[in-house]
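Have the sequence and the 3D view open while I talk.

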Amino acid sequence: MSDERDAGTDQSGHRSGFVTFVGRPNVGKSTLTNALVGEKIAITSEKPQTTRRAIRGIVNRPDGQLVIVDTPGIHRPRTLLGERLNDLVGQVLGDVDVIGFCVPATEKIGPGDRRIAASLDGYPRAKKVAIVTKVDIAERDEITERLMEVDSLREDWAAVIPLSALTPLTAAGKAQLDVLADEVLSLMPEGPSLYEDDIVTDESTEDRIAEMIREAALEGVRDELPHSIAVVVDDIAPREGSDLTDVHASIVVERDSQKAIIIGRKGARLREVGATARAGIEELLGTRVFLGLHVKVAKEWQRDPKQLGRLGF
């Protein structure tokens, strides 16, 4: 991960650096990233392992700048894709200044949480913060129990913070996010901002569009299908003589039976995916959009090094 602190002049008391949130899949890391940035830069889903890349979100505060690196959840890999996602997480953890370890208030600490917490020993350079998420849907006793469990996992937590990322606009929710941002920023080294103030992510437009389409495709599909879905944007171009932008993309699956599920009866499901994704794409591009979606089959792409390379993994 490149560190651009040499750029620009130092500002006394101004802090900047990289933070990443780790935890089991589906503990709310991407939701938390979006809430802190104040804009949706990482897709969210109830399906595990939704995040597949290291996505950077930038949080600007009066006394500094946080660069949040959203990563896949750490899991026991069953495919080559799974192995590469875990490797990606390891690379990010070796580079960041602060690691936020996330556990949901609604679930007891389990072996996976303990394994991940213990693995942070491998990253001595980073300061560690424990975060208990989803407190908006937990009972008070659950929150208290989880805070105690998390606190006992390591002796070097710089802070243990409960919060809900889904209620950032309430007084309590906003305060919780501010507490986390302030705490993490205080742990960063002094230095100038790493990005211009008006940038919220360094994700390309094509990547953000592909993720919006994949998020729409994940809705309502069966448990075995989400891991098999990838999206590639084939073309983005303004339509001549019109205020439309033409976007063409391919949804890639592993089997013909999965292609049939994505398309649905008489194409109904694919039209739903297109309508849902188009709304987000129009907001991103600021124009009306024609979205053309094509579903392709790439046999067992999660296990094929060549296919993974073509799909950007």
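Let's start with a hairpin: strands β2 and β3 form one, with two residues between them. Before I go on, a word on where this comes from: it's a predicted model, where local features need pLDDT of at least 70, side-chain atom pairs count only at pLDDT 80 or more, and totals for chains, interfaces and linings use all residues. Residues are numbered from 1 along each chain as its sequence is written, and side-chain values use heavy atoms, with hydrogens and water left out.

β2 and β3 pair in the antiparallel sense over seven bridges; two strands pair if DSSP finds at least two bridges between them. Isoleucine 58 stands opposite valine 67 in β3. On β3's other partner, β1 (residues 15-22), the pairing with β3 is parallel, over six bridges, and arginine 15 has glycine 64 in β3 as its bridge partner. If pairing is new to you: strands of a sheet pair through backbone hydrogen bonds, either parallel or antiparallel.

So is strand β3 buried or exposed? Buried means under 20% relative accessible area, exposed means over 50%, and partly exposed is in between, with a 1.4 Å probe and protein chains only. Seven of the seven residues of β3 (residues 64-70) are buried, so the strand is largely enclosed by the rest of the structure. In a regular strand the side chains alternate between the two faces of the sheet. In β3 both faces are covered: Gly64, Leu66, Ile68 and Asp70 are buried on one side, and Gln65, Val67 and Val69 on the other. For the protein as a whole, 50% of the 313 residues count as buried.

Now zoom out to the sheet. It's an open one of six strands, in the order β2-β3-β1-β4-β5-β6, with mixed pairing. The edges are β2 (55-61) and β6, each pairing on one side only. From one strand to the next the twist averages 25°. At the β6 end, β5 (residues 127-133) and β6 pair in the parallel sense over five bridges, and alanine 130 has valine 160 in β6 as its bridge partner. Helix α4 (residues 140-151) packs on this sheet, touching β4, β5 and β6, and its direction makes about 165° with that of β6. For that angle, axes are lines fitted to C-alpha atoms, for helices over the stretch in contact, and angles run from 0 to 180 degrees between N-to-C directions. Contact here means heavy atoms within 4.5 Å.

Next, aromatics. Rings of Phe, Tyr and Trp (its six-membered ring) pair if their centres lie within 6.5 Å; planes under 30 degrees apart count as stacked, over 60 as edge-to-face, and the rest as tilted. The count by this rule is one aromatic pair. Phenylalanine 101 and tryptophan 157 have ring centres 5.7 Å apart and planes at 15°, so they're stacked. Phenylalanine 101 is in β4 (residues 98-104) and tryptophan 157 in β6 (residues 157-162), so the pair ties together parts 56 residues apart in sequence. Phenylalanine 101 is buried, at 0% relative accessibility, and tryptophan 157 is buried too, at 12%.

There's another open sheet to find, with three strands in the order β7-β8-β9 and mixed pairing. Which strands stand at its edges? They're β7 (230-238) and β9 (288-297), each with a single partner strand, so one side of each has no neighbour in the sheet. Here the twist averages 20° from one strand to the next. β8 (residues 244-253) and β9 pair in the parallel sense over ten bridges, with valine 253 partnering valine 297 in β9. Two helices lie across β8 and β9: α7 (residues 256-263) runs at about 155° to β9, and α8 (residues 268-285) at about 135° to β9.

Last stop, the backbone. Most residues other than glycine have a negative phi, and most peptide bonds are trans. Lysine 134, though, has a positive phi, near 60°; it's in the loop between β5 and α4 and is partly exposed, at 24% relative accessibility. Glutamate 300 also has a positive phi, near 45°, and is found in the loop between β9 and α9 (305-310).

Conventions. Helices (H or I, at least four residues) and strands (E, at least two) are DSSP runs, numbered from the N terminus.
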